[in-house]
Amino acid sequence: GQIARVVDNVTEDEGSARAFNAQEVPDVTLPTGRVLLKASIKVGTLIIPPGSTLIFDDVPGLTLSAHSIVVKGSLIMGAETCRLQSDGIGIELVGTPDHATFDADKKHSKGIIVES
């Protein structure tokens, strides 16, 4: 099917060695519909709400760097009928844990949080 929306670079990965600071990059909430990630991005917290699907394109080195990812919709990296062929596609969890509890604020918990 046709991809409805495209995510552009939120913050370009310049390959710098400086430490990731979640305060320096935006939090992103995806719109409803299917979103194709075509270029590497760096975000603070990525929220995939119900009714949204994030699909990784088959691009060498495509990386989603985030402090946390909250999945209430769908996160797709390849499928049985659409296998990823490129090397280096992945998710990188960056930053240091802030030791906040998950129940207090999901956005401040480092990791991938999947809710139904």
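Predicted model: local features only at pLDDT ≥ 70, side-chain atom pairs only at ≥ 80, totals over all residues.
Two strands pair if DSSP finds at least two bridges between them.

Q: What makes β3 and β5 a pair of strands?
A: Strand β3 (residues 33-37) and β5 are joined by five bridges. The rule asks for at least two bridges, so β3 and β5 count as paired. The two strands run parallel. Within β5, Leu-36 has Ile-55 as its bridge partner.

Q: How do you know that β5 also pairs with β7?
A: Three bridges join β5 to β7. Because at least two are needed, β5 and β7 pair as well. They too run parallel. Ile-55 has Ile-76 as its bridge partner in β7.

Q: Why is β5 called largely enclosed by the rest of the structure?
A: A residue is buried when its relative accessible area is under 20%. Five of the five residues of strand β5 (residues 52-56) are buried, so the strand is largely enclosed.

Q: What makes both faces of β5 count as covered?
A: In a regular strand the side chains alternate between the two faces of the sheet. On one side of β5 are Ser-52, Leu-54 and Phe-56, and on the other are Thr-53 and Ile-55. The residues on both sides are all buried.

Q: Which residues form the covered face of β9, and which the uncovered one?
A: Gly-111 and Ile-113 form the covered face of β9. Ile-112 and Val-114 form the uncovered face.

Q: What makes β6 and β9 a pair?
A: There are four bridges between β6 and β9, in the parallel sense. At least two are required, so β6 and β9 pair. One of the bridges involves Ser-68, whose partner in β9 is Gly-111.

Q: Why is Cys-82 called exposed?
A: Exposed means over 50% relative accessible area. Cys-82 has 51% relative accessibility, so Cys-82 counts as exposed. Cys-82 is placed in the loop between β7 (74-76) and β8 (90-93). From Cys-82 to Asp-58, the C-alpha to C-alpha distance is 9.4 Å, and the two are 24 residues apart in sequence.

Q: Why is Lys-72 called partly exposed?
A: Partly exposed lies between the buried limit, under 20%, and the exposed limit, over 50%. Lys-72 has 38% relative accessibility, so Lys-72 counts as partly exposed. Its place is in the loop between β6 (63-71) and β7.

Q: Which residues does Lys-72 touch, not counting residues up to four places away in sequence?
A: Lys-72 touches Ile-48, Pro-49, Pro-50 and Glu-115.

Q: Why is Glu-115 called partly exposed?
A: Glu-115 has a relative accessible area of 22%. Buried requires under 20% and exposed over 50%, so Glu-115 is partly exposed.

Note on methods. Residues numbered from 1 in each chain as written. Heavy atoms only, no water. Buried < 20%, exposed > 50% of the residue type's maximum accessible area, 1.4 Å probe, protein only. Contact = heavy atoms within 4.5 Å.
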